[in-house]
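Subject: Handover of a structure

Dear colleague,

Please find below the structure that I am handing over to you. Kindly open it beside this message as you read.

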Amino acid sequence: QVQLVESGGGLVQAGGSLRLSCAFSGSVFSIYHMGWYRQAPGKQRELVASISSGGVTFHPDSVKGRFIISRDNAKNTVYLQMNSLKVEDTAVYYCGAQYSRNYWGQGTQVTVSS
C-alpha cells in the first residue's frame, strides 16, 4: 500500500521560502506521476505543481516562477520549493501520487503572514 508523508510546512512571512518534502513508500516510486495540491479554507483543492515519471513538470500560472517541483527517485521523495510566498498561498498542502489509482498524504499546513 502506497504511503505518502509530507513535511516542511510551517509559518513564514510574506516573501519568504519553504521547502516541502513528501516521502513515498509501498511501491515503485519512479513509475508514479507525483503532484502537490493545496486547499485553503472554504476553497476546492487545487493543483500547484506536478512532475511525471519522466521528470516533466507543470506549474500553473498562479505559482509559476515561484514554486518548483522536483523528485529524487533514489530517495523516493518529491519536493516543492516555494519562494516569494504570498499570504494567499496559505493552505494545507497535500502530496499526491498517481499510477493505477490516486493516493494522498495527510497534508501539511503552510501559513504565510503579512
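The model is predicted: local features need pLDDT of at least 70, side-chain atom pairs count only at pLDDT 80 or more, and totals for chains, interfaces and linings use all residues. Residues are numbered from 1 along each chain as its sequence is written, and side-chain values use heavy atoms, with hydrogens and water left out.

Two of the residues have a positive phi without being glycine. Asn 76, with phi near 55 degrees, sits in the loop that joins β7 (67–72) to β8 (77–82). Strands are DSSP runs of E with at least two residues, numbered from the N terminus. Ser 84 has a phi of about 50 degrees and belongs to the loop between β8 and β9 (91–98).

Accessibility is classed as buried (under 20% relative accessible area), exposed (over 50%) or partly exposed (in between), using a 1.4 Å probe and protein chains only. Asn 76 is partly exposed because its relative accessibility is 27%. Ser 84, at 42%, is therefore also partly exposed.

Contact here means heavy atoms within 4.5 Å. Leaving aside residues up to four places away in sequence, Thr 108 touches Glu 6, Gly 8, Gly 9, Leu 20, Ala 91, Val 92 and Tyr 93. For Gly 9, the backbone nitrogen lies 3.3 Å from a polar atom of the Thr 108 side chain.

Yours sincerely

Methods: Helix = DSSP H or I, 4+ residues; strand = E, 2+ residues; numbered from the N terminus. Polar contact = N/O pair within 3.5 Å; in protein donor to acceptor, adjacent residues only side chain to side chain.
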